[in-house]
Amino acid sequence: MNLRLNLDELRFDPDKGTVVVVAQDAVSGMVLMVANADREALERTLETGDMHYRSRTRGLWRKGETSGNVQRAVSLVADCDGDTVLARVISAGPACHTGATSCFDDSLATPSAWSALAKIIAARRAEADANSPSYTAKLLSDRNLRLKKIGEESGELIAAVADGDADRSAEEAADLVYHVAVALEATGSSLDDVAVRLFDRSGSGKREAGSGKREAGSGKREAGSGKRVTGSG
């Protein structure tokens, strides 16, 4: 990742020499943890790409040094006052010392379109039976149907884009991404894994996300049934 942050513009606490760092999952948007970092910690983060913090008890420390749950920084942005830094990260494991993904109870937070879709598809996988009333479950139980629908939805998106119809293009893209998400779930992968690949490509200089590859998006409809994906799909 090509990280940038002007340390000279930060307002470090005059007594502690630190700023607050809010670590946010770059894929899901979930706030993972809040910690402090001084200039040295931020310099190490910029140099290595791994999040470093400063605490009164541990001194300078690299997140995941002992647990392996390292946080790879995607971006660092200071707030308007310059005393807080938002770090968007890709975490190798739980951020909290309790073993939870986040130090905050995120159960009441509004999920992103991707995470909401992923949860529904994962739930339907438990029902993956050809006789299930759920369209998602039918897709998960039928490989040929999954492949057929991806082909059909791809064609419909191409037609909408060719016609220059913005609204229909968005609808068809949502249908396609939904079917792709189901197919990925069936292989043990996910849209989150796709997002990580896109982050890797954007930072490695090897290939830009849009250069001949699918751009990951979010879908909310069960395209084959014409219904929105809900808890009852």
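**View 1. R146 in helix α4.** R146 lies in helix α4, which spans residues 143–163, where helices (H or I, at least four residues) and strands (E, at least two) are DSSP runs numbered from the N terminus. The model is a predicted one, in which local features need pLDDT of at least 70 and side-chain atom pairs count only at pLDDT 80 or more, while totals for chains, interfaces and linings use all residues. Residues are numbered from 1 along each chain as its sequence is written, and side-chain values use heavy atoms, with hydrogens and water left out. R146 counts as buried because its relative accessible area is 14%; buried means under 20% relative accessible area, exposed means over 50%, and partly exposed lies in between (1.4 Å probe, protein chains only). Leaving aside neighbours within four places in sequence, R146 is in contact with L139, L140, S141, V182, A183 and A186, a contact being heavy atoms within 4.5 Å. R146 and V180 are 34 residues apart along the chain, and their C-alpha atoms are separated by 8.4 Å.

**View 2. The nonpolar cores and the surroundings of M51.** The largest nonpolar core has 22 residues, and those with the most contacts inside it are M33, M51 and Y53; such a core is a set of buried Ala, Val, Leu, Ile, Met, Phe, Trp, Tyr and Cys residues joined through side-chain atoms within 4.5 Å. At least two residues of this core are supplied by each of β1, β2 (31–38), α1 (39–48), β5 (71–78) and β6 (84–91), and β2 gives the largest share, 4 residues. A second, separate core has 16 residues, including L117, Y135, L140 and V182. M51 itself, leaving aside neighbours within four places in sequence, is in contact with V21, T45, W61, R62, K63, Q71, A73, L76, A87 and V89.

View 3. R62 and D50 form a salt bridge whose closest N and O atoms are 3.3 Å apart, a salt bridge being a side-chain nitrogen of Lys or Arg within 4 Å of a carboxyl oxygen of Asp or Glu. This pair links distant parts of the chain, with R62 in strand β4 (residues 59–62) and D50 in the loop between α1 and β3 (52–55), 12 residues apart. R62 also forms a salt bridge with E65, where the closest N and O atoms are 3.8 Å apart.

**View 4. Other salt bridges.** A search of the whole structure finds 12 salt bridges. In one of them, the side chains of D165 and R168 meet with an N to O distance of 3.6 Å; D165 is partly exposed, with a relative accessible area of 30%, and R168 is also partly exposed, at 28%. Elsewhere, K148, K149, E152 and E153 are linked in a network of salt bridges.

View 5. The structure holds 0 disulfides, a disulfide being a pair of cysteine sulfur atoms within 2.5 Å. C103 is in no disulfide, and the nearest cysteine sulfur, that of C96, is 3.8 Å away. C103 is partly exposed, with a relative accessible area of 42%, whereas C80 counts as exposed because its relative accessibility is 79%.

**View 6. A nonpolar patch on the surface.** V20, V31, V34 and F104 form a nonpolar surface patch with about 290 Å² of accessible area together. Patches are made of residues with over 30% relative accessible area and no salt bridge, like charges being joined within 9 Å and nonpolar side chains (Val, Leu, Ile, Met, Phe, Trp, Tyr) within 5 Å; accessible areas come from the Shrake-Rupley method with a 1.4 Å probe, and for residues only the protein chains shown count as cover. V20 belongs to strand β1, residues 18–25, and is partly exposed, with a relative accessible area of 30%.

**View 7. The protein chain as a whole.** The protein chain has 6 helices and 8 strands, following the pattern β-β-α-β-β-β-β-α-α-α-α-α-β-β along the sequence. Of its 233 residues, 36% are buried, and the chain exposes about 13,000 Å², of which carbon and sulfur atoms supply 49%. Among contacts between residues at least 6 apart in sequence, 51% join residues at least 24 apart.
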